[in-house]
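Have the sequence and the 3D view open side by side. We will go from helix pairs to the core, and then to a loop.

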Amino acid sequence: MIKLQNVGKRYERLNAVSEIDWSVREGEWWGIIGPNGSGKSTLLHLLSGVEMPTTGQLLLHDREMASYSRKELAQMVAVLQQEGLAPTDFTVREVLEMGRFPFQNWLGREREDAGPLLDRIIHRLELDRLESRRLDQLSGGQRQRAALGKVMAQQPAILLLDEPTTYLDIRYQLEFMNMVAEWRKESGITVISVLHDLNLAAQFCDQLLVLRDGKTAGQGLPSEVLTEDFIREVFRVDPALVMHPENGAPQVLLTANRGRPNE
(Lines give C-alpha, C1' and ligand atoms only; values in the text may rest on other atoms or scores of the structure.)
Protein backbone atom coordinates (compact mmCIF):
# COMPACT_ATOMS: atom_id res chain seq x y z
CA MET A 1 0.00 0.00 0.00
CA ILE A 2 2.74 2.44 1.05
CA LYS A 3 6.37 1.89 0.14
CA LEU A 4 9.40 4.06 0.88
CA GLN A 5 12.68 3.34 -0.87
CA ASN A 6 15.76 5.24 0.31
CA VAL A 7 13.55 8.26 1.11
CA GLY A 8 15.17 11.44 2.36
CA LYS A 9 14.07 15.02 3.03
CA ARG A 10 16.53 17.87 3.17
CA TYR A 11 15.92 21.48 4.26
CA GLU A 12 18.89 23.58 3.12
CA ARG A 13 21.75 22.11 5.19
CA LEU A 14 19.58 19.90 7.40
CA ASN A 15 18.81 16.27 6.57
CA ALA A 16 15.52 15.87 8.42
CA VAL A 17 15.19 12.22 7.37
CA SER A 18 17.41 10.07 5.18
CA GLU A 19 17.74 6.52 3.85
CA ILE A 20 14.25 5.43 4.98
CA ASP A 21 13.22 2.01 3.65
CA TRP A 22 9.78 1.02 4.91
CA SER A 23 6.60 -0.72 3.76
CA VAL A 24 3.09 -0.48 5.19
CA ARG A 25 0.46 -3.03 4.23
CA GLU A 26 -3.25 -2.34 4.05
CA GLY A 27 -5.02 -2.54 7.40
CA GLU A 28 -1.89 -2.35 9.58
CA TRP A 29 -1.44 0.01 12.52
CA TRP A 30 2.10 1.36 12.69
CA GLY A 31 3.49 3.54 15.45
CA ILE A 32 6.36 5.91 14.72
CA ILE A 33 8.45 6.53 17.84
CA GLY A 34 11.78 8.15 18.63
CA PRO A 35 13.38 11.02 20.55
CA ASN A 36 12.51 14.65 19.87
CA GLY A 37 14.06 15.85 16.63
CA SER A 38 14.39 12.36 15.19
CA GLY A 39 12.29 13.15 12.08
CA LYS A 40 8.91 11.72 13.08
CA SER A 41 6.81 14.73 12.04
CA THR A 42 8.80 15.19 8.83
CA LEU A 43 8.09 11.59 7.87
CA LEU A 44 4.38 12.10 8.57
CA HIS A 45 4.40 15.21 6.34
CA LEU A 46 5.89 13.12 3.55
CA LEU A 47 3.25 10.43 4.00
CA SER A 48 0.47 13.01 3.84
CA GLY A 49 1.79 14.57 0.64
CA VAL A 50 2.31 17.97 2.29
CA GLU A 51 6.04 17.57 1.63
CA MET A 52 7.76 15.65 -1.16
CA PRO A 53 10.98 13.65 -0.75
CA THR A 54 14.28 15.20 -1.76
CA THR A 55 15.65 11.75 -2.54
CA GLY A 56 14.23 8.27 -3.04
CA GLN A 57 10.76 7.00 -3.93
CA LEU A 58 7.54 7.29 -1.95
CA LEU A 59 4.82 5.12 -3.47
CA LEU A 60 1.13 4.94 -2.64
CA HIS A 61 -0.69 2.08 -4.37
CA ASP A 62 2.39 1.67 -6.62
CA ARG A 63 2.17 5.31 -7.78
CA GLU A 64 4.54 8.11 -6.90
CA MET A 65 2.97 10.28 -4.21
CA ALA A 66 3.77 13.36 -6.29
CA SER A 67 1.56 12.10 -9.13
CA TYR A 68 -1.63 12.48 -7.07
CA SER A 69 -3.60 15.72 -6.97
CA ARG A 70 -4.42 17.29 -3.61
CA LYS A 71 -8.04 16.23 -3.97
CA GLU A 72 -7.11 12.65 -4.86
CA LEU A 73 -4.90 12.43 -1.78
CA ALA A 74 -7.62 13.93 0.43
CA GLN A 75 -9.99 11.18 -0.69
CA MET A 76 -7.51 8.54 0.50
CA VAL A 77 -5.47 10.07 3.34
CA ALA A 78 -6.70 11.92 6.43
CA VAL A 79 -4.48 13.66 8.97
CA LEU A 80 -5.27 14.44 12.59
CA GLN A 81 -2.79 16.81 14.22
CA GLN A 82 -1.93 16.84 17.91
CA GLU A 83 -3.71 20.18 18.38
CA GLY A 84 -6.92 18.68 17.01
CA LEU A 85 -9.33 21.55 16.46
CA ALA A 86 -8.94 25.13 17.58
CA PRO A 87 -11.73 26.53 19.83
CA THR A 88 -13.56 28.38 17.05
CA ASP A 89 -17.25 29.31 16.69
CA PHE A 90 -17.96 26.43 14.28
CA THR A 91 -20.38 23.84 15.62
CA VAL A 92 -19.52 20.17 15.92
CA ARG A 93 -21.90 19.36 13.06
CA GLU A 94 -20.29 21.97 10.82
CA VAL A 95 -16.84 20.57 11.56
CA LEU A 96 -17.92 17.07 10.54
CA GLU A 97 -19.40 18.48 7.33
CA MET A 98 -15.95 19.90 6.51
CA GLY A 99 -14.69 16.33 6.33
CA ARG A 100 -16.77 15.84 3.19
CA PHE A 101 -14.99 18.62 1.28
CA PRO A 102 -12.81 16.26 -0.85
CA PHE A 103 -15.95 14.71 -2.32
CA GLN A 104 -17.78 17.93 -3.18
CA ASN A 105 -17.92 19.62 -6.56
CA TRP A 106 -17.13 23.28 -7.14
CA LEU A 107 -20.64 24.15 -5.95
CA GLY A 108 -20.04 22.39 -2.65
CA ARG A 109 -22.40 19.53 -3.44
CA GLU A 110 -22.04 15.75 -3.34
CA ARG A 111 -23.65 13.10 -5.47
CA GLU A 112 -25.32 11.60 -2.39
CA ASP A 113 -26.55 13.15 0.84
CA ALA A 114 -23.87 12.74 3.51
CA GLY A 115 -26.35 13.48 6.31
CA PRO A 116 -26.97 9.86 7.33
CA LEU A 117 -23.21 9.20 7.47
CA LEU A 118 -22.66 12.21 9.73
CA ASP A 119 -25.56 11.13 11.94
CA ARG A 120 -23.97 7.72 12.41
CA ILE A 121 -20.59 9.22 13.28
CA ILE A 122 -22.11 11.67 15.76
CA HIS A 123 -23.97 8.85 17.49
CA ARG A 124 -20.96 6.54 17.46
CA LEU A 125 -18.68 9.14 19.08
CA GLU A 126 -21.39 10.13 21.57
CA LEU A 127 -21.53 13.66 20.21
CA ASP A 128 -25.35 13.75 20.03
CA ARG A 129 -25.69 16.34 22.79
CA LEU A 130 -22.80 18.39 21.44
CA GLU A 131 -23.48 18.58 17.69
CA SER A 132 -25.02 22.07 17.89
CA ARG A 133 -22.45 23.43 20.32
CA ARG A 134 -19.52 25.58 19.21
CA LEU A 135 -16.00 24.25 19.54
CA ASP A 136 -15.08 27.08 21.92
CA GLN A 137 -17.67 25.66 24.33
CA LEU A 138 -16.07 22.21 24.44
CA SER A 139 -13.31 20.69 26.52
CA GLY A 140 -10.08 19.53 24.90
CA GLY A 141 -11.20 15.91 24.99
CA GLN A 142 -14.54 16.77 23.39
CA ARG A 143 -12.81 18.78 20.63
CA GLN A 144 -10.51 15.85 19.92
CA ARG A 145 -13.54 13.61 19.55
CA ALA A 146 -15.00 16.12 17.10
CA ALA A 147 -11.68 16.13 15.23
CA LEU A 148 -11.85 12.34 15.00
CA GLY A 149 -15.40 12.67 13.70
CA LYS A 150 -14.20 15.00 10.98
CA VAL A 151 -11.61 12.53 9.67
CA MET A 152 -14.13 9.69 9.95
CA ALA A 153 -16.48 11.73 7.75
CA GLN A 154 -13.65 11.92 5.23
CA GLN A 155 -13.80 8.10 4.92
CA PRO A 156 -10.08 7.69 4.21
CA ALA A 157 -8.19 4.49 3.53
CA ILE A 158 -5.21 5.79 5.54
CA LEU A 159 -5.31 7.72 8.82
CA LEU A 160 -2.24 9.65 9.94
CA LEU A 161 -2.14 10.67 13.60
CA ASP A 162 0.43 13.19 14.82
CA GLU A 163 0.71 12.73 18.59
CA PRO A 164 -3.10 12.76 18.96
CA THR A 165 -3.16 12.25 22.74
CA THR A 166 -0.58 14.88 23.74
CA TYR A 167 -3.01 17.31 25.36
CA LEU A 168 -5.44 14.74 26.78
CA ASP A 169 -5.63 13.31 30.28
CA ILE A 170 -5.24 9.56 30.69
CA ARG A 171 -8.97 8.85 30.48
CA TYR A 172 -9.38 10.68 27.19
CA GLN A 173 -6.11 9.22 25.85
CA LEU A 174 -7.42 5.70 26.30
CA GLU A 175 -10.89 6.62 25.04
CA PHE A 176 -9.46 8.19 21.88
CA MET A 177 -7.17 5.26 21.10
CA ASN A 178 -9.98 2.77 21.67
CA MET A 179 -12.22 4.69 19.27
CA VAL A 180 -9.55 4.56 16.58
CA ALA A 181 -9.02 0.85 17.23
CA GLU A 182 -12.75 0.13 16.89
CA TRP A 183 -12.97 2.16 13.66
CA ARG A 184 -10.00 0.27 12.25
CA LYS A 185 -11.47 -3.10 13.22
CA GLU A 186 -14.76 -2.32 11.47
CA SER A 187 -13.45 -0.54 8.37
CA GLY A 188 -10.01 -2.06 7.77
CA ILE A 189 -8.45 1.41 7.67
CA THR A 190 -4.64 1.68 7.78
CA VAL A 191 -3.36 3.75 10.73
CA ILE A 192 0.06 5.37 11.11
CA SER A 193 0.56 7.31 14.32
CA VAL A 194 3.41 9.33 15.76
CA LEU A 195 3.39 8.65 19.50
CA HIS A 196 5.51 9.76 22.44
CA ASP A 197 3.84 7.38 24.88
CA LEU A 198 5.63 4.07 24.42
CA ASN A 199 3.08 2.21 26.52
CA LEU A 200 0.16 3.31 24.34
CA ALA A 201 2.21 2.47 21.24
CA ALA A 202 2.91 -1.02 22.55
CA GLN A 203 -0.74 -1.72 23.34
CA PHE A 204 -2.37 -0.40 20.16
CA CYS A 205 0.16 -0.67 17.32
CA ASP A 206 0.87 -3.84 15.35
CA GLN A 207 4.35 -2.66 14.39
CA LEU A 208 6.73 0.12 15.45
CA LEU A 209 9.14 2.18 13.36
CA VAL A 210 11.87 3.78 15.44
CA LEU A 211 13.67 6.89 14.20
CA ARG A 212 16.86 8.40 15.54
CA ASP A 213 18.73 11.33 13.99
CA GLY A 214 16.50 11.12 10.91
CA LYS A 215 17.28 7.48 10.17
CA THR A 216 15.67 4.13 10.92
CA ALA A 217 16.96 2.78 14.22
CA GLY A 218 14.70 -0.27 14.21
CA GLN A 219 11.33 -1.65 13.22
CA GLY A 220 9.21 -4.62 14.15
CA LEU A 221 6.71 -5.89 16.68
CA PRO A 222 6.48 -3.94 19.96
CA SER A 223 7.86 -6.98 21.79
CA GLU A 224 10.88 -6.98 19.44
CA VAL A 225 11.54 -3.25 19.54
CA LEU A 226 10.77 -2.29 23.12
CA THR A 227 13.57 -4.01 24.98
CA GLU A 228 15.46 -2.47 27.88
CA ASP A 229 18.73 -2.34 25.95
CA PHE A 230 17.14 -0.77 22.87
CA ILE A 231 15.21 1.87 24.84
CA ARG A 232 18.36 2.69 26.79
CA GLU A 233 20.32 3.13 23.57
CA VAL A 234 17.73 5.20 21.65
CA PHE A 235 16.11 7.30 24.38
CA ARG A 236 19.03 7.49 26.81
CA VAL A 237 17.02 6.50 29.86
CA ASP A 238 17.33 3.54 32.19
CA PRO A 239 14.03 1.65 31.90
CA ALA A 240 12.48 -1.41 33.45
CA LEU A 241 10.04 -3.47 31.38
CA VAL A 242 7.02 -5.40 32.57
CA MET A 243 4.37 -7.25 30.59
CA HIS A 244 0.82 -5.91 30.71
CA PRO A 245 -1.22 -8.38 32.81
CA GLU A 246 -4.17 -8.41 30.37
CA ASN A 247 -2.69 -8.22 26.87
CA GLY A 248 0.99 -9.05 27.36
CA ALA A 249 2.22 -5.83 25.72
CA PRO A 250 5.58 -4.55 26.99
CA GLN A 251 5.16 -1.61 29.35
CA VAL A 252 7.98 0.79 30.18
CA LEU A 253 8.67 1.87 33.77
CA LEU A 254 11.02 4.76 34.52
CA THR A 255 12.80 5.59 37.75
CA ALA A 256 13.17 9.20 38.84
CA ASN A 257 16.73 10.14 39.80
CA ARG A 258 16.08 12.82 42.38
CA GLY A 259 19.71 13.08 43.44
CA ARG A 260 20.86 13.98 46.91
CA PRO A 261 19.54 16.98 48.85
CA ASN A 262 21.87 19.93 49.10
CA GLU A 263 23.92 19.87 52.27
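At what angle do helix H4 and H5 pack, and how far apart are their axes? Helix H4 covers residues 115-124. H4 and H5 pack at an angle of about 145°, and their axes are 10 Å apart. Their crossing is right-handed. On the H4 side, the contact is made by Leu-117, Leu-118, Ile-121 and Arg-124. On the H5 side, Gly-149, Met-152 and Ala-153 take part. Sorted by class, this contact has 5 nonpolar, 1 polar and 1 charged residues. Keep in mind that this is a predicted model.

Now follow H5 to another partner. H5 spans residues 140-153, and helix H6 spans residues 170-187. These two helices pack at an angle of about 15°, with their axes 10 Å apart. Angles under 35 degrees count as roughly parallel. H5 and H6 are therefore roughly parallel to each other. H5 passes H6 in a right-handed crossing.

Which residues of H5 and H6 meet? H5 brings Gly-141, Gln-144, Arg-145, Leu-148, Val-151 and Met-152. From H6 come Tyr-172, Glu-175, Phe-176, Met-179, Val-180 and Trp-183. By class, the contact of H5 with H6 has 8 nonpolar, 2 polar and 2 charged residues.

Next, turn to the nonpolar cores. The largest nonpolar core has 51 residues. Which of its residues touch the most other members? They are Val-92, Leu-148, Leu-159, Phe-176, Val-180 and Leu-226. Take Val-180. Not counting residues up to four places away in sequence, Val-180 touches Trp-29, Leu-148, Leu-159, Leu-161 and Val-191. There is also a second, separate core of 26 residues. Among its members are Ile-2, Trp-30, Leu-44 and Ile-158.

Finally, find Thr-88. Thr-88 sits in the loop between strand E6 (77-80) and helix H3 (92-98). Is Thr-88 buried, partly exposed or exposed? Its relative accessibility is 28%, so Thr-88 counts as partly exposed. Leaving aside neighbours within four places in sequence, Thr-88 is in contact with Arg-134, Leu-135 and Asp-136. Compare Arg-63. Thr-88 and Arg-63 are 25 residues apart in sequence. In space, they are 37 Å apart, C-alpha to C-alpha.

Definitions and conventions. Residues numbered from 1 in each chain as written. Predicted model: local features only at pLDDT ≥ 70, side-chain atom pairs only at ≥ 80, totals over all residues. Heavy atoms only, no water. Axes fitted to C-alpha atoms, helices over the stretch in contact; angles between N-to-C directions. Helix = DSSP H or I, 4+ residues; strand = E, 2+ residues; numbered from the N terminus. Parallel < 35°, antiparallel > 145°, perpendicular 65-115°, else oblique. Left-handed = near helix turned anticlockwise from the far one by under 90°. Contact = heavy atoms within 4.5 Å. Nonpolar A, V, L, I, M, F, W, Y, C, P; charged D, E, K, R; others polar. Core = buried A, V, L, I, M, F, W, Y, C linked by side-chain atoms within 4.5 Å. Buried < 20%, exposed > 50% of the residue type's maximum accessible area, 1.4 Å probe, protein only.
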